[in-house]
Amino acid sequence: ALQIPDCAVGVDVLVGFPGETDIAFCQTYDLIESLPVTYLHVFPFSPRPGTPAAGFSGRVAPDVLKQRCARMRRLGREKRRVFYQRFLGQQVEVLVEGTRDRAIGCLKGVSDNYLNITFDGPDKLMNRLVWVWVERLEASGNLLGSVAQTS
């Protein structure tokens, strides 16, 4: 059990390091699936000149690497969705960004535990802390809310 249950824990995942077998990838996937992590930063191995790994044998085929990254990113989206759902109907304090969401024109901000949320409100709330009701989780994975009060 987590000592800080609302804490967002992110994990960087390097996929396709030379020598990574199907079994090794599956073990990594299963481990991450079992952990109470919130989000993943998934990136494929790419050799960097001058590093020891650039010369390692056992490179993962590009199509396999792409499939593994896609699978791990899907897991990351699901982990984030599950975490976000826990906050539906609750108030969270959000630091409002200084620009609006380009797609929908709403204010946007982030809570202290990395909930990204969009909501309607006036420009005067930008760059301030405000309390926001978490109302809806869209299929896209975006949280929508409404201003509860300003602080």
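Trainee: Which side chain meets aspartate 22 in a salt bridge?
Mentor: That of arginine 68, at 2.5 Å from N to O. A salt bridge here is a side-chain nitrogen of Lys or Arg within 4 Å of a carboxyl oxygen of Asp or Glu. The two residues belong to distant parts of the chain: arginine 68 is in helix 2 and aspartate 22 in helix 1, 46 residues apart. Helices (H or I, at least four residues) and strands (E, at least two) are DSSP runs, numbered from the N terminus.

Trainee: What should I know about the model itself?
Mentor: It is a predicted model: local features need pLDDT of at least 70, side-chain atom pairs count only at pLDDT 80 or more, and totals for chains, interfaces and linings use all residues. Residues are numbered from 1 along each chain as its sequence is written, and side-chain values use heavy atoms, leaving out hydrogens and water.

Trainee: Back to that pair. Is arginine 68 buried or exposed?
Mentor: Buried, because its relative accessibility is 6%. The cut-offs are under 20% relative accessible area for buried and over 50% for exposed, with partly exposed in between (1.4 Å probe, protein chains only). Aspartate 22 is exposed, at 54%.

Trainee: What is the closest N to O distance for glutamate 20 and arginine 68?
Mentor: 2.7 Å, and that pair forms a salt bridge. Again it links distant parts of the chain: glutamate 20 sits in the loop between strand 1 (10-15) and helix 1 (22-34), while arginine 68 is in helix 2, 48 residues away. Both partners are buried.

Trainee: How many salt bridges does the rule count?
Mentor: Seven. Another of them joins arginine 81 and glutamate 78, 2.3 Å from N to O. Those two are three residues apart in helix 2, so about one helical turn separates them. Arginine 81 is partly exposed at 31%, and glutamate 78 is partly exposed at 35%.

Trainee: Which residues do shared partners join into one network?
Mentor: Glu20, Asp22 and Arg68.

Trainee: New topic. How much space lies in the largest pocket?
Mentor: About 490 Å³. A pocket is found on a 1 Å grid over the protein atoms alone: it is an open set of points where a 1.4 Å probe fits, with protein on both sides within 12 Å along at least five of seven lines. Grid points are joined across faces, edges and corners, and the volume is the space filled by probe spheres set on the points.

Trainee: How many residues line the largest pocket?
Mentor: 27, and Arg80, Tyr84, Ser140, Gly141 and Asn142 lie nearest its centre. Strand 2 (39-44), helix 2 (62-85), strand 4 (107-111), strand 5 (116-120) and strand 7 (143-150) each give two or more residues to that lining. Lining residues have an atom within 4 Å of a point.

Trainee: Which element gives the most to the lining?
Mentor: Helix 2, with eight residues. By class, the lining has 10 nonpolar, eight polar and nine charged residues. Ala, Val, Leu, Ile, Met, Phe, Trp, Tyr, Cys and Pro count as nonpolar, Asp, Glu, Lys and Arg as charged, and the others, Gly among them, as polar.

Trainee: And the core? Which residues of the largest nonpolar core touch the most other members?
Mentor: Leu115, Ile117, Phe119 and Leu143, out of 19 residues. Helix 2, strand 3 (91-96), strand 5 and strand 6 (129-137) each supply at least two residues of this core. Strand 6 gives the most, with four. A nonpolar core is a set of buried Ala, Val, Leu, Ile, Met, Phe, Trp, Tyr and Cys residues joined through side-chain atoms within 4.5 Å.

Trainee: What does leucine 143 touch?
Mentor: Its contacts include Tyr84, Leu88, Leu115, Ile117 and Val134, not counting residues up to four places away in sequence. Contact means heavy atoms within 4.5 Å.

Trainee: Where is valine 132 found?
Mentor: In strand 6. Valine 132 is buried, at 0% relative accessibility. Beyond four places in sequence, valine 132 touches Val92, Val94, Ile117 and Phe119, among others.

Trainee: Last one. Is glycine 55 buried or exposed?
Mentor: Exposed, at 64%. Glycine 55 lies in the loop between strand 2 and helix 2. Its C-alpha is 9.3 Å from that of proline 18, 37 residues away along the chain.
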